[in-house]
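Please look over the sequence and the model below before reading on.

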Amino acid sequence: MTATNTKDTTSVTETNRSSINVENMNDASTTESQVTKQPAWVENEISKWGERLRVAEWEDAEYRANDGWKGTDLIHSSTSPVQINNYMVSYGDGSGGPIPNLERGGIGTVLTGIAHFTPAAESHKGYCHGGSMCSVLDDVVGWCGFLVTGECRPWSGFTAQVNASLKKPIAVGSVLRIRASITKWEGRKVYIAAELAEPSGTDDEKDLVIHAIGEGLVILQRGVLSEKEEEKKS
């Protein structure tokens, strides 16, 4: 992930969680067949994930064409080999970072999504390429970093490092939970832990099947922190 601008106001969140169901967790680019592949654990967990994150560059082809993009998103397109159809964000309490009295964001901010590994991600006889696993870890780390100030600021930073550990192969057609959380925030450096897993459908996180874990570092653009502080004063 590379950075181009510090703020994109086309990103919004929806807070009416009672209206969220399995079908509307899929954006307009998601096909009907993908909706039917959602496992039972998705519906059981969605209400716990927070606000839905909506970003124009994922959902609006005309916006992409008019704003400088050259193709489709590697992860958030209906044609992607591995697709994260939507993200949900639960913000932290604003603590642990360099901005005093931040109302939300900071350490404890969690980003959760649904990752669908399509047949196009296949590597060896029914299993997905390890690179597809690393790609979703990179994506969730980057977007989690963009949330650190308590709102989504696309491309307000860049992913400088992702260390991935692949634990268990992923079968073609799998639908898994991808999650990242901010663990430390030091100046422009945002540290993030990520996990790709299959929930059991119970409330016990110990029953998760872990396919991959990762640790990432996002570096915020110069000026992001001072801009946020100025917003707080106004």
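The questions and answers that follow concern this predicted model.

Q: How many helices and strands does the protein have?
A: The elements are counted over the predicted model, with helices and strands taken separately. The protein has six helices, and the strands number 10.

Q: What share of the residues in the protein is buried?
A: Buried here means under 20% relative accessible area. Among the 234 residues of the protein, the part that counts as buried is 46%.

Q: What share of the accessible surface of the protein belongs to carbon and sulfur atoms?
A: The accessible surface of the protein comes to about 11000 Å². Of that surface, the part that belongs to carbon and sulfur atoms is 48%.

Q: Among contacts with a separation of 6 or more, what share comes from residues 24 or more positions apart?
A: The contacts considered here are those in the protein with a separation of 6 or more. Residues 24 or more positions apart account for a share of these contacts that comes to 74%.

Q: How many disulfides are counted?
A: A disulfide is a covalent bond between the sulfur atoms of two cysteines. In this model the rule asks for a pair of cysteine sulfur atoms within 2.5 Å. Under this rule the number of disulfides is zero.

Q: Is Cys144 buried or exposed?
A: The relative accessible area of Cys144 is 0%. Because the cut-off for a buried residue is under 20%, Cys144 counts as buried.

Q: Where does Asn101 lie?
A: Asn101 has a positive phi of about 55° although it is not a glycine. With a relative accessible area of 69%, Asn101 is exposed. Asn101 lies in the loop between β3 (82–90) and β4 (110–117).

Q: Is Trp155 buried or exposed?
A: Trp155, which is not a glycine, has a positive phi of about 65°, and it is placed in the loop between α5 (130–145) and β7 (157–166). The relative accessible area of Trp155 is 12%, and since residues under 20% are classed as buried, Trp155 is buried.

Q: Which residues form one aromatic cluster with Trp155?
A: Trp155 is a member of one aromatic cluster in this model.

Q: What is the angle between the planes of Tyr63 and Trp69?
A: The structure holds seven aromatic pairs. One of them joins Tyr63 and Trp69, is classed as tilted, and has a distance of 5.8 Å centre to centre. Tyr63 is buried at a relative accessible area of 18%, whereas Trp69 is partly exposed at 25%. The angle between the planes of Tyr63 and Trp69 is 40°.

Q: Over the ring of which residue does the charged end of Lys184 sit?
A: The charged end of Lys184 is 4.5 Å from the centre of the ring in question. That ring belongs to Tyr191.

Q: With the side chain of which residue does the side chain of Ser77 make a polar contact?
A: Ser77 is found in the loop between α4 (61–66) and β3, and it is buried with a relative accessible area of 11%. Leaving aside neighbours within four places in sequence, Ser77 is in contact with Thr72 and Gln83. The polar contact made by the side chain of Ser77, at 2.9 Å, is with the side chain of Thr79.

Q: Which residues is Thr149 in contact with, leaving aside its neighbours within four places in sequence?
A: Thr149 is placed in the loop between α5 and β7, where its relative accessibility of 3% makes it count as buried. Beyond its neighbours within four places in sequence, the residues in contact with Thr149 are Leu102, Arg104, Val224 and Lys228.

Q: What distance separates the C-alpha atoms of Ser226 and Ile99?
A: Ser226 is in helix α6 (residues 224–233) and counts as partly exposed at 41% relative accessibility. Ser226 and Ile99 are 127 residues apart along the chain, yet the distance between their C-alpha atoms is 8.8 Å.

Q: Which residues is Glu205 in contact with, leaving aside its neighbours within four places in sequence?
A: Glu205 lies in the loop between β9 (189–198) and β10 (209–220), and at a relative accessible area of 39% Glu205 is partly exposed. Setting aside neighbours within four places in sequence, the residues in contact with Glu205 are Arg177 and Arg179.

Methods. Residues are numbered from 1 along each chain as its sequence is written. This is a predicted model: local features need pLDDT of at least 70, side-chain atom pairs count only at pLDDT 80 or more; totals for chains, interfaces and linings use all residues. Side-chain values use heavy atoms; hydrogens and water are left out. Buried means under 20% relative accessible area, exposed over 50%, partly exposed in between (1.4 Å probe, protein chains only). Helices (H or I, at least four residues) and strands (E, at least two) are DSSP runs, numbered from the N terminus. Contact means heavy atoms within 4.5 Å. Accessible areas come from the Shrake-Rupley method with a 1.4 Å probe; for residues, only the protein chains shown count as cover. A polar contact is a pair of N or O atoms within 3.5 Å; within protein, one must be able to donate a hydrogen and the other to accept it, and residues adjacent in sequence count only if both atoms are side-chain atoms. Rings of Phe, Tyr and Trp (its six-membered ring) pair if their centres lie within 6.5 Å; planes under 30 degrees apart count as stacked, over 60 as edge-to-face and the rest as tilted. A charge sits over a ring if NZ of Lys or CZ of Arg is within 6 Å of the ring centre and within 35 degrees of the ring normal.
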